[in-house]
Amino acid sequence: MGCFRSKYGAMSIGVALTAVAAATAAHAQEPEKPSANDARDMGQAEIVVTATRRSETLSKVPISVSAFSQQELQARGAREFSDVVRLTPGLSLQKSPIGGNQVSIRGIASSAGASTTGIYIDDTPIQARNLGYAPSSSFPSLFDIERVEVLRGPQGTLFGAGSEGGTVRFIQTEPSMKDFSYRGRAEIATTRNGAPTYEAAAAVGGPIVEDKIGFRVSAYYRRNGGWVDDVNGTYTVVDPTAASYGDSLNFTKTSTIHKNANSDTALLLRGALVFALSDAITVTPSLTYQKLRNHDGIGQFWLAASNPGKAQYARYLYQAGDPANDPTLTALSGTDREAGGDRFYLPALRINWDIGFASITSNTSYYDRLQGQRADYTRYYYRYLTQQLVPPPGARANSDFTNKQKNFVQEIRLQSAESESPLQWVVGAFYSRNIQTARQPISENFTANLPVISFGGVPYGFTDGEPFGPGSTAFLNTFGAPLLPGSVSYDENRRLVETQIAGFAQADLRLSSKLKLTAGVRVARNKFEQNVDLLGPESNINAPYGTPCEVYVGPGGTCTVGQGPLTPVYSSARSKKLETSVTPKFGLTYEPDSRNLFYGTAAKGFRPGGSGPIIPPNVCDADLNQLGYTSTPTTYNSDSVWSYEVGSKNRFLNGRVAIAASGYIIKWKNIQTDIALPTCGYSFVDNAGNATAKGFDLSLEVSPVRGLILTGAAGYTKATFDDPVARGANVIFPRGSGVPGASAPWNTSLSGVYNMPPVGNVNFYTRVDFTYTSRERRAGQTQPGAFGYNPLLRQVSAYSTLNARLGATFGRYDLSVFMTNITDAHPLLLLGPASRPIQNDPAWVSTTLRPRTVGLTLSIKE
């Protein structure tokens, strides 16, 4: 298979470059335009953004925005959203060890409820609600993207309830009815102690009928080579307290099962047309399709089996035994690999109508996403049901997450067209209907025939024990029902329907030539409906848990599995919420001249409420009682923020120095919070406390001499709880503790680009990028004094990365060599026990950054 993949990658690159070369030949007679290097020598051209729903240069937008053009993304080696995150202070992407993710801006982070950050492809919101146990949002690959905009602070007035902390927008390249253009890129790279990476991409567009019909098509494929091995081996527990971290186990590798197992692929296809129905009306239909696949996991490795200092990473692979050879085991479905996939398609239709004094824009879209991931639950479930540390050979448990999202969106906007008018305005209406489903079946091949089953150190069911007597299993005596097909013990199914109807308006009134007042409001009606159904023996709310048979049928009676008083009963819940939100915004902008702008804003953000998961009875009672709950809450309410921001955007020395700075304070009320139950491993959602986020963002661009451009961005965020959040006698979040999932306090990005004097028709350039992330703030289980505090869990330590690129442009071509993670930084990300959420497992696992990678990029653009 390795040879086939290499040939396929080479063939893909060849096809892409051949197609682009053909387009080049067709236009070889055209005069060359100034090169990108020439443009850079004259200073960076300002990016035009639509953060306020109208086109404006970045320096004229009175909010804190980071924007990256396609050219900038390529120069910095950004291929996916995580690359944008490392370049953007205040923006955070938290990943979970089972494939989920959480995006936050300025510390407004929550793994519960609706997303705190709006994520848009063009004008379509695609963020997912936190539903189930591996919620995540998808992000498009960064090819043929005109720009990425990161809008900091609440954007509820123009972008709705999903933008409580901010908004991320991916703006795709539009088809043109006038100009022909194309771009292509091919890349190959190798990672230290890993497999090769390769990429091929091409895009082309232009007029079909000049001024009447235009098109744009693009295709992108990338395979990231893996660098974590799946291995077999033997291990013994050296430190059962797990306090020795990687040295808590003595691990000896015996064989490699899958070399470089954590590879992944991305395929992105897009097509768009534009029709001019008249001089005033244009119609733009488009279709975007993306499919991501990960071969085996998300790069998680065992500390005991790895040597990060030498970029040697491996993890122990639990392989399911054959029930034909071991009668204590039952059959599982699927493979032992932690494979996953994420597919979406997005058809959209935009209509623009110029009616003279104003323009009407209609956006209609349908977002359809299917995401699935398998996770290894072997150590978790073996520890959960037996309290033992080492699963026997052949033991295996799987959790399969499947998430579906179908979101229909219709928005219509009417906005002023007179750019010189002292009053600029936009009004609009918005409708969305989002249907999400989440399913999580958990299967284990070793539970059916365990001699004893216990929770939290307390035994419940025994072989030949109560209530079913001789010949019965501990599993049946505990749960009262057999495993489902495929050895499934737990099967959660959740479905929600969320509708939103909103009207919004915003106006900018120029009070004088230097002073502008902004006011806006959005009123939305949010309706939420959710159904939750639990199946499988572990969800049986009539389970006996080893209760004597006579309790059910009296002395001398007989209990039968699944019958009479022990007939299984499974949990289900139906919930609804209906809320109205009002999110105003106020701003004042002072622009003394064309080079300086000062602003202040106050804005409200809102997140609708919802309903949480069902927790199986009995197994979590001890944790719930400690927190003062008699049962888990079935619903939770909305939360909201008020953000206050001041900032400035300034240019000096004829544009050679540009500075943008902003400071903010955000008051967050009634936070939707995911509360973990550390003993049983479940969690639930409740409104818990208030928090304050405060900080600043700073960006700087300097062109000290011809050909040299220096840029820097820094951000500081402090998001902490205002008062202790207590339930019962226990404190969940002490006062001053960090908001879980918020970004590290300090984030810094520095870049330098030098364009050398041309040699003939060749322009050489070099680029260096440096990023720094400070140590994470204590939060949740890393915070002393918090319920569930675990002194062994660590915050992610401070780390930095260094990337470099050396290249040359000649005509339309750009050829460069690059190196990423030059210093081989290897911070321990997602460090935790392999049995998490159950703690204190001597098998520690973690993820880290991709090791040092060296590669070659060839691109072409017209």
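Biologist: Let's start with Leu806. Why is Leu806 classed as partly exposed?
Modeller: This is a predicted model, so keep that in mind throughout. Leu806 has a relative accessible area of 45%.

Biologist: Which strand does Leu806 lie in?
Modeller: Strand β41.

Biologist: And which residues form the nonpolar patch on the surface?
Modeller: Leu806 is one of them.

Biologist: New topic. Phe357: where does Phe357 lie?
Modeller: In a loop. The loop runs between β19 (340-354) and β20 (358-376).

Biologist: Why is Phe357 called exposed?
Modeller: Its relative accessible area is 51%. Exposed means over 50%, so Phe357 qualifies.

Biologist: What is Phe357 in contact with, leaving aside neighbours within four places in sequence?
Modeller: Ser416, Ala417, Glu418 and Trp425.

Biologist: How far apart are Phe357 and Ala417?
Modeller: In sequence, 60 residues. In space, 5.5 Å from C-alpha to C-alpha.

Biologist: Where do Cys549 and Cys559 sit in the chain?
Modeller: Cys549 is in the loop between β26 (515-535) and α8 (550-553). Cys559 is in the loop between α8 and β27 (572-593). The two are 10 residues apart.

Biologist: Are Cys549 and Cys559 buried or exposed?
Modeller: Both Cys549 and Cys559 are buried.

Biologist: What's the handedness of the link between Cys549 and Cys559?
Modeller: Right-handed, with 100° about the S-S bond.

Biologist: Last stop, the inside. Which residues touch the most other members of the largest nonpolar core?
Modeller: Four tyrosines: Tyr377, Tyr381, Tyr384 and Tyr682. That core has 58 residues.

Biologist: Which helix gives the largest share of this core?
Modeller: Helix α6, residues 378-386, with 5 residues.

Biologist: And what does the second core include?
Modeller: That separate core has 24 residues. Among them are Phe68, Leu73, Phe81 and Val148.

Definitions and conventions. Residues numbered from 1 in each chain as written. Predicted model: local features only at pLDDT ≥ 70, side-chain atom pairs only at ≥ 80, totals over all residues. Heavy atoms only, no water. Patch = residues over 30% accessible without salt bridge, like charges linked within 9 Å, V, L, I, M, F, W, Y side chains within 5 Å. Areas by Shrake-Rupley, 256 points an atom, 1.4 Å probe, with all protein chains shown as cover. Salt bridge = Lys/Arg side-chain N within 4 Å of Asp/Glu carboxyl O. Helix = DSSP H or I, 4+ residues; strand = E, 2+ residues; numbered from the N terminus. Buried < 20%, exposed > 50% of the residue type's maximum accessible area, 1.4 Å probe, protein only. Contact = heavy atoms within 4.5 Å. Disulfide = S-S within 2.5 Å. Core = buried A, V, L, I, M, F, W, Y, C linked by side-chain atoms within 4.5 Å.
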